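Please look at the side chains of this structure, and follow how the rings and the charged groups pair with one another.

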Amino acid sequence: MKKNMFSLLLAVALFVSTALGAIPVQQVATAAGGFDLKSELNRVVTTYSAKSYDDWAAVADNISGKQIPDSYIQKAKAGVISVQGNYDKGTDIAKAIIGLTAAGVDITNVDGINLIEKAAYLDKQYLELTNDYIYMLIAFDSGKYKLPDNATITRQFLVNKLLQFKLDKGGWPLFGSEPNPDMTGIIMAGLAPYMDQPAVSDAVYGGNKFFQNKAIADSNGAAMAVIGLASTGTDATTAFYNQDGKNAVDNLYSYLGPNGLYKWKKTQANGNGNSMSTKDVMFAYLSYQRYIDGKNNSFFYDLKARYNPTPEQPKPPQQATFNVPVSITSDKTWDGFPLNGTLTLKEGDTVDTALIKLVGTENITYKSFDGMKYVAGIKGLQAGANGSSSGWTYTVNGEFPPVAVDQATLKAGDVVKWNYVVGQKPGTPPPGNGSGVTVPDTQKIQVSVITEVPHPALPMNNQQNYRTNMTAYDALVGVAGADNITAKGSDDTLYVSCVVGLCERKNGPMSGWTYTVNGVTPDYSAGVYVLKQNDVVIWKYNGTPPANNGSDGSNGGGSVGQPNTGNPTAPGTGTAGNESAGKDNRKGNTSGNGTAGTAPQLAIKETEQTQVLTLLPMLLLSIFLNIAIGIKYLHGQRKLSLVQNNSASLKEQKTKQEP
């Protein structure tokens, strides 16, 4: 009777849960803080685009139906042309395809360059990590592009590789053997169009299970979970996926920082958010809104749909243009200066616009002072790198405008002059015209650059005068020199990829640069980490030293001779060249020269042998007596032991059945 009643209750519970799960979601639940998805989505897209307009901003504006700036399109096309479409990372060519597709550009003809063909025939050595494979797949699907018939990189090749990377634990790694929420979410999203394949469907189901009751401690992973779930048709607000007592979507809103951007961690010391976390949360909101609207696949899928067909749009009236001469000089000798040009501008263009047209955004470093944007570096010549008061200033018609560079509008007849000042404070530096703001140089910053991979220029160390608003990146420039550094982005998106020729992913797939301040690794970019007086900054290159291939008659890294087990005076024999630490199976061409072997460590000296023989009879007698006593004791305890073991077994079984 009890068994039948239990079965009935279970059936009722299953019916109710199934019925409730079938009710369509009409709107997002409102969080306690007044979070509304549509209004926050509009705000965060606008905020992100204004902060750093990049490929991801183009995607967000495409989905939101907003106009994509021509300045982005020209910059993105120029980036493709500068490398002739030949990228050495899968993620890099994928981003170019996705961003330009979102902007409505024909990527099969970017100044004669066919990016789809470039991607379809990309050397497979440039696909190292799981994110290379997934973003290549997303790029192909961003415009539902047709690939060449004999392509070496096909959709199915990428799908099969991603299935191979799937872990038994349920998710996907970036590398290694531990599932990563960030990678699991985006891979689920990218595989969504292929769920008609049973193997893909099973893998996505495993990813779904991975996120159930999974605590995620940062906004990037939490956002990617929502992206993966929503893209594959799962309601991310279901209780299975709750975080910190909230549903997975509402939980993201609690990462919002006071500066309008989203933080990496809720408890981070620096309370402000950053662009990278904001981008992921923005995409999570877009994904969930897409799910609510009943659309399949990820937000990346078929970005071309916005432009097909493209209706004929009336051309806007032509704006009047004018020419402005711009010159750049420097008190310090520097490659590329002096530089002069006459630029064609239109109404509303600023000093910043003119500078970008002259040297390109990639050659400018910006910073913020009291909420105002100013230029801290041009063509690698950075403020503060040549004395604490060195920096950039500009004038318009011989006067310092009292506004930031992006607020100083120009008109016909204006003349703009930039100058890098060394050895003195700029004459009258208004806000936004260069750093020029210093403190007494009695306080020092200790800076070191070290590496796991041997390099003739490293390590290097120096002490630098502390400056107001000095960042960890400024400290690196001060020790290595701007011309020896390759960095991408600026402020909170700044990322150092190469220093003195040591570059990311060139000594193992995870090789690259990290930094610490006073022994602690900050959780945000070196471009915005502001140092304090007497801080100690260490930049470190992490990587696997290359194997010694035994060239030029070397010994190929042979090991030290192995101990001779019989004769301690005989020389040992070296093995063949050792494998590198990364286990890349490359060995030296010749054997190493082993050193003389040593006698086995367990060999017993002659005097010790005599002592052992003397004590042996007493030792054997002691062992015999102990065995006899033990047998008698165990016989007496056997019944009690059986009872106790049975009781313990029942208790253990009961415990395992409890949730």
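Predicted model: local features only at pLDDT ≥ 70, side-chain atom pairs only at ≥ 80, totals over all residues.

Residues are numbered from 1 along each chain as its sequence is written, and side-chain values use heavy atoms, with hydrogens and water left out.

The side chain of Arg155 meets that of Asp141 in a salt bridge, at 2.8 Å from N to O; the term stands for a side-chain nitrogen of Lys or Arg within 4 Å of a carboxyl oxygen of Asp or Glu. Because Asp141 lies in helix α7 and Arg155 in helix α8, this pair ties together parts that are 14 residues apart in sequence. Helices (H or I, at least four residues) and strands (E, at least two) are DSSP runs, numbered from the N terminus. Asp141 is also buried, at 7% relative accessibility.

By this rule the structure has 16 salt bridges. Among them, Lys146 pairs with Asp149, with the closest N and O atoms 3.5 Å apart, and both of these residues are exposed. In another, the closest N and O atoms of Lys169 and Glu178 are 2.4 Å apart, and Lys169 is exposed, with a relative accessible area of 51%. Salt bridges also link Lys89, Lys488 and Glu504 in a network.

The aromatic rings form 19 pairs, counted where the centres of Phe, Tyr or Trp rings (for Trp the six-membered ring) lie within 6.5 Å, with planes under 30 degrees apart taken as stacked, over 60 as edge-to-face and the rest as tilted. One of these pairs, Tyr133 and Phe157, is tilted, with 6.3 Å centre to centre and 50° between the planes. It links distant parts of the chain, since Tyr133 belongs to helix α7 (residues 130-142) and Phe157 to helix α8 (residues 155-165), 24 residues apart. Tyr133 is buried at a relative accessible area of 6%, and Phe157 is buried at 18%.

Trp392 and Tyr420 form an edge-to-face pair, with 5.2 Å centre to centre and 65° between the planes. This pair joins strand β6 (residues 391-396), which holds Trp392, to strand β7 (residues 416-421), which holds Tyr420, 28 residues apart; both residues are buried.

Key: Buried < 20%, exposed > 50% of the residue type's maximum accessible area, 1.4 Å probe, protein only.
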